[in-house]
Structure formats: C-alpha cells, structure tokens
Amino acid sequence: MTVDWSTEWFTSLVWIVGVTLAALVGCVIAVAMLTRFTVWGRQFRRLSFPFFSPRGPEGWRPLLNAFAVLLFVIIAVRVQVVNSYITNGLYTALQELDAPTFGRYILIFTVLSVAALAQTLLAFYLQQRLVIRWRVWLNNHVVGDWLDGRAYHRGRYTRSSVDNPDQRIQEDVASMPAVSMSLATGAVGSLVALVSFTLILWQLSGPLVLGGVEIPRGMVFAAYLYVIIATVFAFRIGRPLIGLNFRNELLNASFRYSLVRLRDNSEGIAFHRGEGVERGVLNTRFAAVIDNAWAIVFRSLKFQGFNVIVSQFSQIIPLLIQAPRYFAGQLTLGDVQQTASAFGQVHDALSFFRLAYDDFASYRAVLIRLTGLLDADADARALPSVAIEEGDGLEVRDLTVRLPDDGVLVDDLDLRLTAGDALLVAGPSGSGKTTLLRSFADLWPYADGTVRRPLGDDALFLSQQPYVPLGDLRTALAYPGPVTGVDDDRAAAVLRQVQLPHLVDRLDEETDWSRRLSPGEQQRLGFARLLLVRPKVAFLDEATSALDEGMEHALYTLLREELPDTVIVSVGHRSTLNQFHAERLELLGQGRWQVATLSH
C-alpha cells in the first residue's frame with residue numbers, strides 16, 4: 001500500500017478536522033449516556049460538570065482546553081497511521097534493494113518524527129494544564145463544601161459519617177482529574193485508532209480458510225474475535241479489584257489515623273505505659289492492610305498474567321495469517337510489516353478497556369469516596385439546628401438540649417443577659433454544661449430553640465483546650481482574624497497582660513505552637529485573644545482549668561477591667577469563679593435547671 005506524499009499533508013489535515021468533529025459529537029453523546037444511565041457516570045457529573053460549565057468560575061477555558069486535548073489525541077492517531085505507511089515503504093524499498101526510495105522515506109520519517117515530537121510535548125502540556133486547573137477547582141469545591149455549614153464538625157453526628165475526610169481531600173482530589181484525563185484520552189485515542197487501523201487491516205487482509213470455510217478479510221475478524229474474547233475473560237478476572245482497591249484505601253487510612261492518634265496523644269500513652277496496647281492496635285490494623293494487599297496481589301497475578309499471555313500471542317497471529325500470501329508473492333515485506341503494525345494497533349485499541357480495567361477499578365473507588373464525602377456533608381448540614389438570631393447581649397428562648405438517644409440534658413431553658421452581665425454555668429460532670437455552650441454556638445445538632453446573640457467577631461468561644469493554628473505566634477494570637485490587625489505594640493501589650501512576656505520577642509517565629517506551649521500557656525493565649533478581639537459576648541468553657549487559682553483570679557479580674565461591657569458566660573467547677581459572676585445557672589440533671597443570683 002502506498003500514498004501520494006505530495007498531497008498527504010492536505011489529506012491528513014482534512015482527515016484530522018473531520019475526525020475531530022466526529023469524535024467531538026461522539027464524546028458528547030457518550031458523556032450524556034454515561035451520566036444518565038450509570039452510577040459512576042452520575043458521580044463523575046457531580047464532580048466535574050460545574051467546572052466545565054461555561055457559567056462556572058473558569059468560563060469557557062476548560063471546554064476549550066478539553067477540545068484542544070481532543071484535537072491532539074486525533075493528531076497523534078494520524079501520525080501513527082502515516083508512520084505505518086512510511087514503515088511499509090521502508091521495508092518494501094529494502095526488499096527491492098531500492099536505495100533512492102529508501103533514502104526518501106528516511107527523509108519523510110525524519111520530518112514526521114519532528115512533528116510527532118512537537119505533538120507529544122504540546123499534548124502533554126495541554127493535558128497537564130487542564131488537570132491542574134481541574135484539581136484546583138475540585139479542591140476548592142470539596143474543601144468549601146466540607147467547611148460550609150460546619151459540616152467538617154457536624155459530620156461526626158450523622159449516620160453516614162465518613163472515614164478520613166483528610167485523605168479523601170488530599171489524595172482523591174489529586175487522583176480524580178488525572179485518572180479522568182488518562183482514561184478519557186486513552187478511550188478516545190483507542191476508538192479512533194481502532195477505526196483507522198481496521199480500514200488499513202481490511203485493505204491488507206485476504207481470505208482466511210478455517211475448516212474448509214473461507215472467511216473474506218479474515219485478518220480483521222480474527223483480530224476482533226481474539227480481543228473481544230480476551231476482554232470478556234479479563235473483566236471477569238479483574239472485577240474483584242474494584243472492591244479490593246476501595247478496601248485498600250479504607251484500611252490504609254485507618255492505619256494512618258492510628259499512627260497520627262498515637263503521636264497526638266503520646267504523653268498520655270507514655271504516662272499509662274500503654275505501648276503494648278497501642279502496639280496491639282497498630283498490629284491488628286496493619287495486619288488487615290497486609291491481608292488485603294495479598295488479596296490484591298493474587299488477583300493481580302491472575303489479571304496481569306492473563307493480559308501478558310494475550311499480548312504475547314497477538315504479536316505472532318498476523319504473521320501466521322499473512323505468511324502464506326507473502327510466500328505466494330501476493331504481498332511485499334512492507335505489506336506484512338504494516339499488517340503486523342495495524343493488527344497490533346487494532347489489538348491495543350480493543351485491549352485498552354481490558355488493560356485499563358485495574359485503573360478504572362481504582363477510579364470507581366475514588367468517585368465513590370469523593371461523592372460519599374459530599375453526601376456526608378449534605379447530611380451534616382441537614383441536621384437539626386438551633387435558630388441563631390443576631391442581637392445584643394444573650395437571649396435564650398425555649399432551648400431544649402438532648403443526647404443522641406433523646407435523653408434530655410436541658411429542658412426549655414430561658415435566659416436573658418445584657419451588656420456587662422456574667423453567668424456561671426455549673427453542675428455535676430455529665431450534666432451537659434459544655435454541650436449547652438455548643439448549643440449556643442449551633443455546634444450541637446440535638447437541640448432546638450432560639451438563641452439571640454451577636455454574630456461574627458462579636459461572639460467568641462474559648463474551649464478548655466484553645467485551638468492553636470499552624471504558623472507563627474502572631475497568627476495564633478489573631479486567630480481567626482487577619483494577622484494584619486495585630487501590630488507589634490498591641491500584641492506585646494496583651495501578652496504581658498496575660499503574663500506571657502517571654503513570648504513577646506517570638507511573635508513571628510513559626511513552629512508547632514500547640515506542642516511548644518503548655519496547656520496553661522495556651523489558655524492564657526486564649527485570654528489574650530479575648531483582649532484583642534474585644535467581643536460583645538464571650539463563652540468560656542473551663543478556660544482556666546489548667547491554671548492555678550491565683551492565675552485564674554488575675555485573668556478574670558483583667559477580663560472584667562478591660563471588657564466591662566462584655567457578656568461573660570463561663571463553665572467551671574471551681575467555687576472561686578463565683579466572685580466574677582452575678583448569676584449561676586445550675587444544671588440539675590434530667591433536663592432540670594435553676595438560675596440563682598450570686599452574692600459577693
């Protein structure tokens with residue numbers, strides 16, 4: 001088979017334009033069908049359509065980038081087709097001892113190689129450009145959804161609570177766009193190559209006689225039948241890999257969480273000498289990881305071994321079929337070589353879905369984990385919520401706080417505090433003091449009623465163990481406000497006021513301050529935040545439990561002097577707190593409560 005090289009550039013250009021348009025239509029139809037009739041297609045639509053929508057944050061750029069990727073996939077197939085004709089010409093020239101023709105084909109091959117190099121590099125850049133932008137959008141989308149409505153916290157109370165959302169965000173968000181690109185370009189390229197090289201194989205094929213029956217164009221039918229049968233068996237062998245890969249991610253995440261938990265609680269474990277128990281937990285979880293890994297190994301051995309056998313035999317089949325015609329002088333050596341090349345391309349194209357099954361199995365697991373996280377976030381936001389209204393002071397109306405099993409902690413609570421008031425919440429352990437403060441913050445989903453209070457920075461909650469973010473000390477001091485709002489003089493002043501003068505010169509030092517600061521220092525840092533933010537209402541949940549009574553007295557005195565108009569709601573056990581509060585809310589158990597005025 002020969003081509004007219006003087007017009008091939010125009011022929012290829014027309015071919016590329018026509019096939020690209022046809023492939024575009026085919027892609028649109030395929031995506032529409034998959035997203036409507038398959039579960040994983042609907043999951044893909046949920047994670048990708050907003051990014052590719054012209055009304056999305058990126059506008060038309062993702063679609064144009066995707067079209068460019070499609071165009072270069074089609075160009076790559078055309079380069080392979082043209083290269084098969086060059087190879088035919090080279091081998092035919094060698095057979096006929098035609099040196100000038102051989103040299104001409106070498107020149108054509110050189111030009112095509114340069115074009116192929118440019119195509120490969122541009123295609124790689126366009127694909128990675130789209131993958132990176134897609135990943136940035138998906139990360140922002142998933143993280144934003146996780147943070148929206150405090151789903152990251154409320155999710156722990158849902159029945160569909162997901163494991164390891166951090167791993168899903170970090171690993172699966174990175175994997176989904178990259179694997180989507182790999183599978184999509186591979187599928188399109190394989191289908192276009194299949195059609196293109198089937199036509200070449202059809203032209204080179206002759207009749208095939210089997211059992212006295214003559215099959216016209218037998219090479220084409222042999223290639224399709226061979227790969228289709230192999231693909232059916234491959235799918236049956238590889239199907240269990242979907243579940244195994246999903247379980248692999250789950251078990252590894254569980255083992256990693258155990259390690260992180262041991263690190264974060266190292267002091268408590270060391271005090272209890274709990275190394276033996278922790279080792280047992282780690283060994284148990286790691287053993288599950290290894291058992292699943294061996295299951296993947298044995299299943300992969302079957303799957304990959306079958307694929308290797310199929311691929312090896314595919315190399316010899318076209319030569320066996322075409323050999324009689326070559327020896328009869330019906331084909332040139334170049335025709336035989338092009339036949340083998342075309343058969344290989346048809347085989348590879350048909351085999352793509354068989355060989356990609358392992359990747360697709362992992363991809364399905366990624367889609368399940370990411371959409372599972374989005375579903376859990378939606379469930380978290382749908383949990384019951386206290387009605388929070390904006391207003392001055394603190395007003396609580398008809399607030400009932402329950403346990404997950406419907407046991408009542410606080411029943412029908414009514415409170416009203418105005419500027420400068422201070423309330424101490426007390427009661428035995430387990431009576432619901434901290435849970436009540438969570439309800440005031442709308443963090444506890446098993447509560448109903450109305451809470452009227454300031455919003456935003458005008459309300460500040462201090463927990464028993466204040467959160468210390470990553471970064472420098474200035475960031476920790478300003479949290480959650482901007483660092484720009486904390487100048488050196490003001491920061492130094494509040495640190496000295498809460499008796500942390502040794503930290504004044506370390507404001508811009510970056511370290512893990514949650515580990516460098518003692519629990520008492522962290523609680524004093526929380527009071528420093530109070531002095532900086534100056535909220536209208538402050539909720540303190542045992543915010544001085546790690547401090548001695550003298551330090552507690554000094555900080556509450558400072559708080560009352562610096563913020564005389566701030567409403568203070570404290571949870572605590574010490575009787576020494578009474579002197580800083582005008583009223584005491586006593587939780588009596590079984591939903592009962594009483595408010596008493598404190599005399600000083």
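Let's start in the loop between helix H13 (433-440) and strand S7 (447-453), which is where you'll find Asp 442. This is a predicted model, and in it Asp 442 has a positive phi of about 60° although it is not a glycine. That's worth a second look, given that most residues other than glycine have a negative phi. Is Asp 442 buried or exposed? Its relative accessible area is 17%, and buried means under 20%, so Asp 442 counts as buried.

Now hop over to Gln 590, in the loop between strand S11 (583-589) and strand S12 (592-597). Gln 590 isn't a glycine either, and its phi is positive too, at about 55°.

## A cis peptide bond

While we're looking at backbones, check the link from Tyr 479 to Pro 480. That peptide bond is cis, with omega near 5°. Most peptide bonds are trans. To find the spot, look in the loop between helix H14 (473-478) and helix H15 (488-497), where Pro 480 sits.

How confident is the predictor? The average pLDDT for the chain is 87, and 98% of the residues score at least 70. Where pLDDT is low, the predicted coordinates should not be read in detail.

## What the UniProt record marks

An unreviewed UniProt entry places "domain: ABC transporter" at residues 394-598. In the model, that span is 28% helix and 28% strand, and its end C-alpha atoms lie 19 Å apart.

The UniProt record, again an unreviewed entry, also lists "transmembrane region" at residues 12-39, 60-82, 102-126, 178-201 and 221-238. Take residues 12-39: they are 96% helix and 0% strand, with 39 Å between the end C-alpha atoms. Residues 178-201 are 100% helix and 0% strand, and there the end C-alpha atoms are 33 Å apart.

The largest nonpolar core has 67 residues, and the members touching the most other members are Ile 86, Trp 134, Leu 138, Met 176 and Leu 201. Which helix gives this core its largest share? That's helix H6 (residues 165-204), with 14 residues. There is also a second, separate core of 40 residues, and Val 486, Val 494, Leu 500 and Phe 527 are among them.

Let's zoom in on Ile 86. Leaving out residues up to four places away in sequence, Ile 86 touches Trp 5, Tyr 105, Ile 108, Phe 109 and Leu 112.

## Rings that pair up

There are 20 aromatic pairs in total. One of them joins Phe 44 and Trp 134 edge-to-face, with 6.1 Å centre to centre and 75° between the planes. Phe 44 belongs to helix H2 and Trp 134 to helix H4 (residues 99-147), so this pair links distant parts of the chain, 90 residues apart. Both Phe 44 and Trp 134 are buried.

Trp 134 has another partner in Phe 52. Their rings are also edge-to-face, at 5.1 Å centre to centre and 80° between the planes. Phe 52 is in helix H2 and Trp 134 is in helix H4, so the pair ties together parts that are 82 residues apart in sequence. Phe 52 and Trp 134 are both buried. Ring pairs also build a cluster, made up of Phe 44, Phe 51, Phe 52, Trp 134 and Trp 137.

## Charges over rings

Arg 78 puts its charged end over the ring of Trp 15, 5.0 Å from the ring's centre. Over the face of Tyr 105 lies Arg 104, at 5.5 Å from the ring centre.

## A closer look at Val 289

Last stop: Val 289, in helix H10 (residues 275-327). With a relative accessible area of 7%, Val 289 is buried. Which residues does Val 289 touch, not counting those up to four places away in sequence? They are Leu 251, Asn 252 and Phe 255. Val 289 and Phe 255 are 34 residues apart in sequence, and in space they are 7.9 Å apart, C-alpha to C-alpha.

Notes: Residues numbered from 1 in each chain as written. Predicted model: local features only at pLDDT ≥ 70, side-chain atom pairs only at ≥ 80, totals over all residues. Heavy atoms only, no water. pLDDT = per-residue confidence, 0-100. UniProt positions renumbered as here; feature names shortened; annotations may be inferred. Helix = DSSP H or I, 4+ residues; strand = E, 2+ residues; numbered from the N terminus. Core = buried A, V, L, I, M, F, W, Y, C linked by side-chain atoms within 4.5 Å. Buried < 20%, exposed > 50% of the residue type's maximum accessible area, 1.4 Å probe, protein only. Contact = heavy atoms within 4.5 Å. Phe/Tyr/Trp six-rings, centres within 6.5 Å; stacked < 30°, edge-to-face > 60°. Lys NZ or Arg CZ within 6 Å of the ring centre and 35° of its normal.
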